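The sequence and structure are shown first.

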Amino acid sequence: TVAMLAKPSVVATPFLALLYEWWKRGTVSRYGFYRAIPLFLIALVLGLITLSFQWERAIGDYTLPIGGVASRFAVAGMAVIFYCTKVFWPFNLMPMYPQWSVEPLQIWHLVPWVIISTVCFLLWVNRRGWGRDVIFAVGFFFLMLLPVLGFLNFSFMMISWVSDHFLYVPMIGLIAVAVSAWTNFFQSKQRSVQLISNAFIFCVITTNILLSHSYAKCWTSAKSLWTYTLGKNDNAWQAHYVIGCMEVVERKIS
């Protein structure tokens, strides 16, 4: 409840509560559903308030370049694959990513959903074993991403379909799966293999620290941030606008 009151991007929490009960008990009881009703009501109210603000104030008369239902479906599938990739390969990060086109819609735009459907099928087939834990973690990832996948309009879609900050909470699910799988695989191995595993983990952590330190330099000032953005994505219109405004101000001052 507190999380939803703080940030409406976690409005999928009621569904997560039901998924949690299924994970722990193997089923969703009537009592468990009743307990989730207050969460659904809070999510509904806050969700409607957020959508009203987005549509009337943040977006207004602007027409989002996303197309119809099929195009939104394609954007959502590609966004899921994009976020999965960034969790495990956090290189070439950008404040604003290029806004890929799905108009006109091509068959290959829907390939991510073939991959997603295949993974979901394999997990469901193995739901009585290891798949059950993975379903909960992957379900957490997907549910927390669902509000920002493009099915509903929100203002950031004027800039890009994806953003790193949308991934902060959802990626916990995928990281949990990776850590659990890695631990279970190496815990019964020989000590030498475990040492190699620990060394690899150390390298991963060190690499992420260095990447974070390097990336943090881009956020030291507004000018460095927008300059870095244009260096990575020349089509970032907001960066062009802000840099232009800064140059105008600088010329007036000088």
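The accessible surface of the chain (Shrake-Rupley method, 1.4 Å probe; for residues, only the protein chains shown count as cover) amounts to about 16,000 Å², and carbon and sulfur atoms account for 69% of that surface. The model is predicted: local features need pLDDT of at least 70 and side-chain atom pairs pLDDT 80 or more, whereas totals for chains, interfaces and linings use all residues. Residues are numbered from 1 along each chain as its sequence is written, and side-chain values use heavy atoms, without hydrogens and water.

The chain contains ten helices and zero strands; helices are DSSP runs of H or I with at least four residues, strands runs of E with at least two, numbered from the N terminus. Further values for the chain are tabulated below.

| Property | Value |
|---|---|
| Box of the C-alpha atoms, along the principal axes | roughly 65 × 50 × 40 Å |

A nonpolar patch on the surface consists of Trp182, Phe200, Ile201, Val204, Ile205 and Ile209, which together have about 520 Å² of accessible area. Patch residues have over 30% relative accessible area and no salt bridge, and nonpolar side chains (Val, Leu, Ile, Met, Phe, Trp, Tyr) are joined within 5 Å; a salt bridge places a side-chain nitrogen of Lys or Arg within 4 Å of a carboxyl oxygen of Asp or Glu. Helix H8 (residues 191-216) supplies the largest share of the patch, five residues. Val204 lies in helix H8 and has a relative accessible area of 34%.

How values were computed: Patches are made of residues with over 30% relative accessible area and no salt bridge: like charges are joined within 9 Å, nonpolar side chains (Val, Leu, Ile, Met, Phe, Trp, Tyr) within 5 Å. Buried means under 20% relative accessible area, exposed over 50%, partly exposed in between (1.4 Å probe, protein chains only).
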